[in-house]
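The sequence and model are shown first.

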Amino acid sequence: MRRFPVYAPKLIVKHARIFLTGVIWVKDLGCLEFRKGRFLMPKKSLPKVKQAVSELNQMLAAQHLETNTV
């Protein structure tokens with residue numbers, strides 16, 4: 001489990017792309033799980049957590065498209 005003391009989307013996405021499966025902990029968001037390079041939406045969570053997960057997944061998708069087109 002990697003711990004992030006602040007919400008840094010670019011670093012979090014980079015970590016998820018490298019390891020593909022795992023769990024991270026982000027201050028003020030809690031534990032976020034990712035599998036196959038995508039973050040899983042928690043069943044019960046605050047709206048800011050759901051927003052962060054969707055933002056991270058969008059960033060992962062955008063980076064995936066960039067690597068495939070180049």
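In which segment is Met1 found? Met1 belongs to the segment before β1. The model is predicted, so local features require pLDDT of at least 70 and side-chain atom pairs pLDDT 80 or more, whereas totals for chains, interfaces and linings use all residues. Residues are numbered from 1 along each chain as its sequence is written, and side-chain values use heavy atoms, with hydrogens and water left out.

Met1 is exposed, its relative accessible area being 63%; here exposed means over 50%, buried under 20%, and partly exposed in between, with a 1.4 Å probe and protein chains only. Contacts (heavy atoms within 4.5 Å) link Met1 to Val23, Ile24, Trp25 and Cys31, when residues up to four places away in sequence are not counted. The C-alpha atoms of Met1 and Gln63 lie 23 Å apart, with a sequence separation of 62 residues.

**The sheet**

Helices (H or I, at least four residues) and strands (E, at least two) are DSSP runs numbered from the N terminus. Two strands count as paired if DSSP finds at least two bridges between them. On this basis, four strands make up an open sheet of mixed pairing, ordered β1-β2-β3-β4. The pairings are as follows.

| Strand pair | Sense | Bridges | Residue pair |
|---|---|---|---|
| β1 and β2 | parallel | three | Arg3 opposite Trp25 |
| β2 and β3 | antiparallel | five | Trp25 with Cys31 |
| β3 and β4 | antiparallel | two | Phe34 with Phe39 |

In the hairpin of β2 and β3, three residues separate the strands, and Asp28 adopts a positive phi near 75°.

Helix α1 (residues 9–19) lies across β1, β2 (22–26), β3 and β4, at about 170° to β1. Such angles run from 0 to 180 degrees between N-to-C directions, with axes fitted to C-alpha atoms, for helices over the stretch in contact.

Ile12 touches Phe4, Tyr7, Ile24, Val26, Phe39 and Leu56, leaving aside residues up to four places away in sequence.
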